Amino acid sequence: MPTDEEALHAEVESLNKLSVASLVLAVVALVGLRFFGLSGLAIFAVGAGHIALNQIAQSGGQGRWLAIVALVIGYGIGVLALVSAVTAIPAMSQSYVA
């Protein structure tokens with residue numbers, strides 16, 4: 001009969017490590033959006049999230065929700081960047097008009 005430590009180890013092993021990494025990248029990108037300008041890490045969070053979802057679908061591991069949350073945060077930062085760029089275009093074009 002497995003001990004509690006062995007059961008915990010088996011449960012942690014089935015968690016997809018890439019989904020955890022994608023969530024960590026997304027959180028760092030979210031914090032970096034405000035403080036450090038590290039929002040570019042959202043690209044890696046999205047990529048790792050998609051790969052993690054694919055691995056989970058193939059192997060049946062855990063961590064699907066971690067990857068989904070990372071994707072939501074990553075795509076949210078991307079949409080925020082797009083909206084920011086689109087709204088900055090008129091202001092930049094005004095500075096070039098005499």
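## Helix 3

At 1.5 Å a residue, the 19 residues of helix 3 should span 27 Å, and the end C-alpha atoms lie 26 Å apart, which agrees. The model is predicted. Ala42, Ala45, Val46, Ala48, Gly49, Ala52 and Ile56 are the buried residues of helix 3. The cover over these buried residues includes helix 2 and helix 4.

Just after helix 3, glycine 60 has a positive phi of about 75°.

## Overall composition

The protein chain contains 4 helices and 0 strands, and from the N terminus on its elements run α-α-α-α. Of the 98 residues in the protein chain, 21% are buried. The accessible surface of the protein chain is about 7000 Å², and carbon and sulfur atoms account for 70% of that surface.

Among contacts in the protein chain with a separation of 6 or more, 63% are between residues 24 or more positions apart.

## Helix 2

The buried residues of helix 2 are Ser19, Ser22, Leu23, Ala26, Ala29 and Gly32. They pack against helix 3 (41-59) and helix 4 (64-96).

An α-helix has 3.6 residues a turn, so residues three or four places apart point the same way. The buried set of helix 2 includes Ser19, Ser22, Ala26 and Ala29.

## Serine 22

Serine 22 lies in helix 2. Its relative accessibility is 0%, so serine 22 counts as buried, the cut-off being under 20%. A polar atom of the serine 22 side chain lies 2.8 Å from the backbone oxygen of serine 19.

Leaving aside neighbours within four places in sequence, serine 22 is in contact with Ala45, Ala48, Gly49, Leu66, Ala67 and Ala70.

## Nonpolar core

The largest nonpolar core has 8 residues in all: Leu23, Ala26, Ala29, Ala42, Ala45, Ala70, Ile73 and Ile77. Helix 2, helix 3 and helix 4 each supply at least two residues of this core.

Alanine 29 is one of the core residues. Not counting residues up to four places away in sequence, alanine 29 touches Leu38, Ser39, Leu41, Ala42 and Ile77. Ala42 and Ile77 also belong to the largest nonpolar core.

## Asparagine 16

Asparagine 16 is found in the loop between helix 1 (4-13) and helix 2. Is asparagine 16 buried or exposed? At 10% relative accessibility, asparagine 16 counts as buried, because the limit is under 20%.

At the start of helix 2, a side-chain oxygen of asparagine 16 reaches to within 2.8 Å of the backbone nitrogen of leucine 18. The side chain of asparagine 16 is also joined to that of glutamine 55 by a polar contact of 3.1 Å. Not counting residues up to four places away in sequence, asparagine 16 touches Ala52, Gln55, Ile56 and Gln62.

Notes:
Residues are numbered from 1 along each chain as its sequence is written. This is a predicted model: local features need pLDDT of at least 70, side-chain atom pairs count only at pLDDT 80 or more; totals for chains, interfaces and linings use all residues. Side-chain values use heavy atoms; hydrogens and water are left out. Buried means under 20% relative accessible area, exposed over 50%, partly exposed in between (1.4 Å probe, protein chains only). Contact means heavy atoms within 4.5 Å. A polar contact is a pair of N or O atoms within 3.5 Å; within protein, one must be able to donate a hydrogen and the other to accept it, and residues adjacent in sequence count only if both atoms are side-chain atoms. Accessible areas come from the Shrake-Rupley method with a 1.4 Å probe; for residues, only the protein chains shown count as cover. A nonpolar core is a set of buried Ala, Val, Leu, Ile, Met, Phe, Trp, Tyr and Cys residues joined through side-chain atoms within 4.5 Å. The expected span of a helix is 1.5 Å times one less than its number of residues.
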